[in-house]
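Let's take a friendly walk through this model together, one region at a time. Keep the structure open beside the text as you read.

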Amino acid sequence: MGSGEWCLQKRDSFKSETLVGNETVPEIGCLSIIVLGASGDLAKKKTFPALFHLYCQGFLPPIEVHIFGYARTKISDDELRNRIRGYLVSERSASPSKDVSKFLQLIKYVSGSYDAAEGFQMLDKEISKHETSKNSLEGSSRRLFYLALPPSVYPSVCRMIRRYCMNKSNLSGWTRIVVEKPFGRDLGSAEELSSQIGELFDEPQIYRIDHYLGKELVQNLLVLRFANRFFLPLWNRDNIDNVQIVFREDFGTEGRGGYFDEYGIIRDIIQNHLLQVLCLVAMEKPVSLKPERIRDEKVKVLQSVLPIKDEEVVLGQYEGYRDDPTVPDHSNTPTFATVILRIHNERWEGVPFILKAGKALNSRKAEIRVQFKDVPGDIFKCKKQGRNEFVIRLQPSEAMYMKLMVKQPGLEMSTVQSELDLSYRQRYQGVTIPEAYERLILDTIRGDQQHFVRRDELKAAWEIFTPLLHRIDNGEMKPIPYQAGSRGPAEADELLEKAGYVQTHGYIWIPPTL
Ligand SMILES: NC(=O)C1=CN([C@@H]2O[C@H](COP(=O)(O)OP(=O)(O)OC[C@H]3O[C@@H](n4cnc5c(N)ncnc54)[C@H](OP(=O)(O)O)[C@@H]3O)[C@@H](O)[C@H]2O)C=CC1
Ligand SMILES: O=C1O[C@H](COP(=O)(O)O)[C@@H](O)[C@H](O)[C@H]1O
């Protein structure tokens, strides 16, 4: 933090609040954030850096907050601090090295197993010690457990938290848990996991995180759709020909082959991240902005998705994937998939939603591409130049642009495709877009579940993909090999064309420079 004064101002305007119904209630008192699996990859790369960003902005005041790391690895407080130090970078800090040191001092490490009382009793003792040391403050004691752990240990960890580490304040306060994806492997296992955790915690205490819901342009979708007259009358089957939701990475599984091979691209990206984006693109207007009303609408869309047809799926596996020693030699796991979903309702009947995700492709990006139908009565004969498209670029270079036809500037009356472009870096200069995890962790502290996945939503999501996943797991569907660094299997482009997508040749959107 820059100066004490700056810090005070920030704190005042961002006072912690919790959401009760749709009302926010200001909170004071002790907040303990416990990162379980603190020795792992996610904790180091995402969870602690997100906490650091929040700290730098005054959301985690040292007078109230303490952070605990918990894992089996036997390391000291300082060893944990040294592991994460290099990942703590904040553009929003006036004095980065000072802030890093102060932040790291808030962290205490406790080592213990995930299924025995001893470690959790020790953890509870440490948390309670911290709470007692802050008891000069009136108010609640809040305990946030972030499970940065493989899902296989969720049930035992939740049992241990329930038994030994619940918030003990007789004032107000709460205990919440944050669980990471993949939440189950299919409908059966996800439901089993939900039941096990559901016996220990109530739904308002469970935050199933999907970090795509924390991305700026994903959070913008409802505003865009429901606060703009432009879109309201056009957003339907009468005008939209097809929708693509695309995730591309230009690197392979890189050291995570063992994990990835158990899940594959559909479980890793499509069933969660892309499907969540689909919900926000396709859902009806909620009756209000209450988190439950928004999630009700998402569930309805998911429940309207028709069973996936085999002929509307293309799977791929990049060449070299099996060279990873942690991947079995005969792995059938797809690293690429294009899947068409069809929504059986009044708004979307007949409009293909094409979900495409792949690793080791020729570029890295995530975007939503809404392609409109051809203009009837094409007097300018511009059909060949391409259709209107509305593109929402989630990353990198956040942007929205509309591909549209204009007169080619000059003496001739000819047409050319151009765009209306809202590129964030240019339009919002000097504004730092928060990291998804930063935003979502703040929501968990505030008690806002809007951007988290509800149990029935998760169930509906697994219902869509489970039959297809079982066919792949049983070897009934095989991935097509593709070259690393390519567009993926050519069959995927053929499927796109069959579904009605018209590629604009010769047009490339170039993000504007400042
Ligand atoms: N890494 C990433 O980028 C992302 C990860 N996720 C999800 O977040 C969670 C954590 O991911 P990540 O940090 O990569 O995982 P790691 O494999 O790094 O595991 C985290 C920690 O859990 C402990 N652990 C690992 N395997 C086991 C096991 N079989 N049984 C008990 N404990 C184990 C280890 O700690 P110790 O041995 O010290 O106890 C490890 O440091 C997962 O659910 C993952 O799917 C989600 C999105 C992105
Ligand atoms: O959840 C996951 O997401 C990352 C991609 O996240 P992004 O925010 O960088 O788009 C992906 O690499 C990983 O395989 C997956 O588990």
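In strand β4, Val65, Ile67, Gly69 and Ala71 point one way and His66, Phe68 and Tyr70 the other way, and all are buried. Buried here means under 20% relative accessible area, while exposed means over 50% and partly exposed lies in between (1.4 Å probe, protein chains only). Strand β4 covers residues 65–71, and because seven of its seven residues are buried, the strand is largely enclosed by the rest of the structure. Strands and helices are DSSP runs numbered from the N terminus, with at least two residues (E) for a strand and at least four (H or I) for a helix.

Before going further, a word on the ground rules. This is a predicted model, in which local features need pLDDT of at least 70 and side-chain atom pairs count only at pLDDT 80 or more, whereas totals for chains, interfaces and linings use all residues. Residues are numbered from 1 along each chain as its sequence is written, chains are lettered from A and ligands numbered from 1 in the order in which they are written, and side-chain values use heavy atoms, leaving out hydrogens and water.

**The parallel sheet**

Which strands pair with β4? One is β3 (residues 29–36), which runs parallel to β4 over six bridges; another is β5 (residues 107–111), joined to β4 in parallel by five bridges. Two strands count as paired if DSSP finds at least two bridges between them. On the β5 side, Phe68 has Lys108 as its bridge partner.

**The mixed sheet**

There is also an open sheet of nine strands, in the order β16-β15-β14-β13-β9-β12-β11-β10-β17, with mixed pairing. Its edges are β16 (415–423) and β17 (480–482), each with a single partner strand, so one side of each is left without a neighbour in the sheet. Within this sheet, β11 and β12 (residues 352–358) run antiparallel and are joined by seven bridges.

Ala337 is a handy residue to look at in β11 (residues 336–342). Is Ala337 buried or exposed? At 0% relative accessibility, Ala337 counts as buried. Its opposite number in β12 is Ala357. Ala337 lies 106 residues from Asp443 in sequence, and their C-alpha atoms are 32 Å apart in space.

**The two ligands**

Ligand 1 is surrounded by 21 residues, the closest being Ser39, Leu42, Arg72, Thr73 and Tyr114. Around ligand 2 there are 13 residues, of which Lys181, Tyr212, Lys215, Glu249 and Asp268 come nearest. A residue counts as near a molecule if one of its heavy atoms lies within 4 Å of it.

Here are some N or O atoms of the protein and their distances to an oxygen atom of a ligand.

| Residue | Atom | Ligand | Distance |
|---|---|---|---|
| Gly40 | backbone N or O | ligand 1 | 3.1 Å |
| Thr73 | polar side-chain atom | ligand 1 | 2.4 Å |
| Tyr114 | polar side-chain atom | ligand 1 | 2.6 Å |
| Lys215 | polar side-chain atom | ligand 2 | 2.7 Å |
| Glu249 | side-chain N or O | ligand 2 | 2.5 Å |
| Asp268 | polar side-chain atom | ligand 2 | 2.6 Å |

**Two helices to finish**

Asp124 sits in helix α5 (residues 117–133) and, at 12% relative accessibility, counts as buried. The side chains of Asp124 and Arg143 are joined by a polar contact of 2.7 Å. A polar contact is a pair of N or O atoms within 3.5 Å; within protein, one must be able to donate a hydrogen and the other to accept it, and residues adjacent in sequence count only if both atoms are side-chain atoms.

Helix α11 (residues 291–303) has 13 residues and reaches 18 Å from its first C-alpha to its last, close to the 18 Å expected at 1.5 Å a residue. That expected span is 1.5 Å times one less than the number of residues. The buried residues of α11 are Pro291, Ile294, Arg295, Glu297, Lys298, Val299, Val301 and Leu302.
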